[in-house]
Amino acid sequence: MSKIVDIFIPDLGADKDVDLIDIMVAVGDTVEEEDGLITLETEKASMDVPTTHGGVIKEILVKVGDKVNSGDLIARVEVEEEGTSEETPAAEPAKTETPAPTTSAPTTESANSSEPMDLKSAEDELKAISASGAEISCQFVNEQTICSVVEEVYIPDLGADKDVDLIDVMVSVGDTVELDDGLITLETEKASMDVPAPFAGEILELFVKAGDKVNSGDLIAKMVKTVVMESKVPTPAKAAPVAAPEKKEEKEPATVQAAAASVTAESSTVLQEKSKKVYASPSVRRLAREFGVDLGFVKGSGRKGRILKDDVKAYVKEQLNKPAVAAGGTGLGFAFPELKEVDFSQFGEIETVELSRIQKISGPSLHRNWVSMPHVTQFDETDITEMEEFRKAQNAIADGFKLSPLVFVVKAVAKALAIHPKFNASLTPDGQSLVMKKYFHIGVAVDTPNGLVVPVIKDADKKGFKEIALELADLSAKAREGKLKAPDMQGASFTISSLGGIGGTYFTPIINAPEVAILGLSKSQMKPVWNGEEFAPRLMLPLSLSYDHKVIDGADGARFTTTLSQLLSDIRLLSL
């Protein structure tokens, strides 16, 4: 046996006379439970209204262009008697077997909490959210009021970093995330970081994509969360008006016209600049995700610039017809000869391993710095025999910290920069002036499983050996655990790259722009040194100073390493 079930507009909260912009089914169609029937649009969002029962569409009582409200009758569906509940009376549309959630609200299972909040707490939360300008809509389901709250999620404070690379979007529209789940990944020249979700909920709309340049406060996404309240009175539903059933043929001309408008030769379907607001139904967004289309660049031909399915298809067709663009440029003002691709597998077994995210971003930056700066590297050695004796003696009595040779180098570099201020400067963007820095912030390259990162020791000139040792240990631990924050890696005026714990003699470190110099340290070793009377064993530390020859002359480079060598040979000079 079968029966006829009425399908109603769900509770729309405070919204009245909502535009019905699309009917997704026709009389005679077979639908499954939760299949979309119609699409509604308010000034804030669009939503699909799903069917609460599976069956055959027997009658459609609305048409495109109607103004509808909570409780209006949408359609009648013929359902099989077996496995269905008693027919829902027309006078009680709010108590259908399954409530029809809007697209902006996740189902009860995806709500932030499966337990309803007490009335006072829920109302206080809703008042606070409403005061912030968030979108709120509520509906009454099973003696509970479920309110869907749409809030915007923004890029957090990035400090001084500007135009940061967004290298990965970890979620898609429709995904449900938990509190602190990663949404996107940002990467500077120094580190990568995930931006977490500020609350649990569903991703309603994304406003960023991989490859974007973002800044503090930029809009990432709109998310919807659910607040459940007990003992609230539902919004009364209007009596359902009876309308003539819509014929399938009536919507075909509009579809044809929309398709014709989207492929007209007068204008492209591709926007030159990404639109900040996208008006499209969930079904269109779903189609766009399947094709990998960014709706921000699709020109909508529907009412109020709304994007239709035909617009997405026309966009894809236009993109496929575009000629492929060769990726031969380097962004450096010239192009290298194309490198011939080699099939290495013909010579033996191979394995392809993807670069880490830090390598992907630091590689082009290092290339740019190497090509754009005329590097000169000054090599020298310093006698650290007495310094090493002092270090070991202090470590034997130290409590809660450990002095490494790098601690003394950081302090000595700060002193040398004060004596030679040109090394503590940066070129202005026009290359005509020097910015002379009065602070001494020393960056220290740290080797991590994901690549090199450079945390910064601020005001190294004002700190003692113990303070530097503790801060260096803390920053190094954070770097290896991936817990460095943006401020930890900003503001360096000079960088030290130490390979002393690994080995080697000398190397050429690449300057970390916009700095003008960088110091490399290699492994110290005992050497015979002539003291005027005889050769004596001395512990010698190799120094490799790379500097920008546009700013620093060779003589200045030699003077800097000489000063640094003297300070490390007699650490008493650091107190003067």
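Ring pairs join Phe390, Phe408 and Phe465 into a cluster in this predicted model. Rings of Phe, Tyr and Trp (its six-membered ring) are taken as paired if their centres lie within 6.5 Å; planes under 30 degrees apart are called stacked, those over 60 edge-to-face and the rest tilted. By this rule there are six aromatic pairs. In one of them, Phe379 and Tyr506, the ring centres are 5.3 Å apart and the planes stand at 65°, so the pair is edge-to-face. This pair links distant parts of the chain, 127 residues apart: Phe379 is in strand E18 (residues 375-383), and Tyr506 is in the loop between strand E25 (494-498) and strand E26 (517-521). Helices (H or I, at least four residues) and strands (E, at least two) are DSSP runs, numbered from the N terminus. Phe379 is partly exposed, with a relative accessible area of 41%, and Tyr506 is partly exposed at 35%. Buried denotes a relative accessible area under 20%, exposed one over 50%, and partly exposed the range in between (1.4 Å probe, protein chains only). The rings of Trp530 and Phe535 also form an edge-to-face pair, since their centres are 5.0 Å apart and their planes are at 65°. Phe535 is exposed, with a relative accessible area of 57%.

Residues are numbered from 1 along each chain as its sequence is written. For this predicted model, local features need pLDDT of at least 70 and side-chain atom pairs count only at pLDDT 80 or more, while totals for chains, interfaces and linings use all residues; side-chain values use heavy atoms, with hydrogens and water left out.

The protein chain contains nine helices and 28 strands. Of its 576 residues, 44% are buried. Among contacts (heavy atoms within 4.5 Å) with a separation of 6 or more, 66% are between residues 24 or more positions apart.

Four strands form an open sheet in the order E1-E8-E6-E3, with antiparallel pairing. Its edge strands are E1 (2-8) and E3 (30-31), each of which pairs on one side only. Two strands are treated as paired if DSSP finds at least two bridges between them. Strand E6 (residues 55-60) and strand E8 (residues 73-80) are joined by four bridges in the antiparallel sense, and Ile60 has Ala75 in E8 as its bridge partner. Thr51 is located in the loop between strand E5 (46-50) and E6. The residue is buried, with a relative accessible area of 0%. Apart from neighbours within four places in sequence, Thr51 is in contact with Ile7, Val31, Glu32, Glu33, Glu34, Asp35, Leu37 and Val77. One of these, Glu32, is 19 residues from Thr51 along the chain, and the C-alpha atoms of the two are separated by 7.6 Å.

A further open sheet of four strands has the order E14-E13-E11-E16, again with antiparallel pairing. E14 and strand E16 (213-214) are at the edges with a single partner strand each, so one side of each has no neighbour in the sheet. Strand E13 (residues 182-187) pairs with E14 over five antiparallel bridges. Within this pairing, Glu187 stands opposite Ser192, and Ile184 has Val195 as its bridge partner. In a regular strand the side chains alternate between the two faces of the sheet. For E14 (residues 192-196), Met193 and Val195 make up the covered face, whereas Ser192, Asp194 and Pro196 make up the uncovered one.

Arg285 is part of helix H3 (residues 282-291). Its relative accessible area is 14%, so Arg285 counts as buried.

Pockets were located on a 1 Å grid over the protein atoms alone, a pocket being an open set of points where a 1.4 Å probe fits, with protein on both sides within 12 Å along at least five of seven lines; lining residues have an atom within 4 Å of a point. The largest pocket has a volume of about 1300 Å³, a volume being the space filled by probe spheres set on the points, which are joined across faces, edges and corners. The lining of this pocket consists of 50 residues, and Ala445, Val446, Asp447, Ser497 and Ser498 lie nearest its centre. Helix H5 (residues 357-372) supplies the largest share of the lining, seven residues. By class, the lining has 26 nonpolar, 16 polar and eight charged residues. Here Ala, Val, Leu, Ile, Met, Phe, Trp, Tyr, Cys and Pro count as nonpolar, Asp, Glu, Lys and Arg as charged, and the others, Gly among them, as polar.
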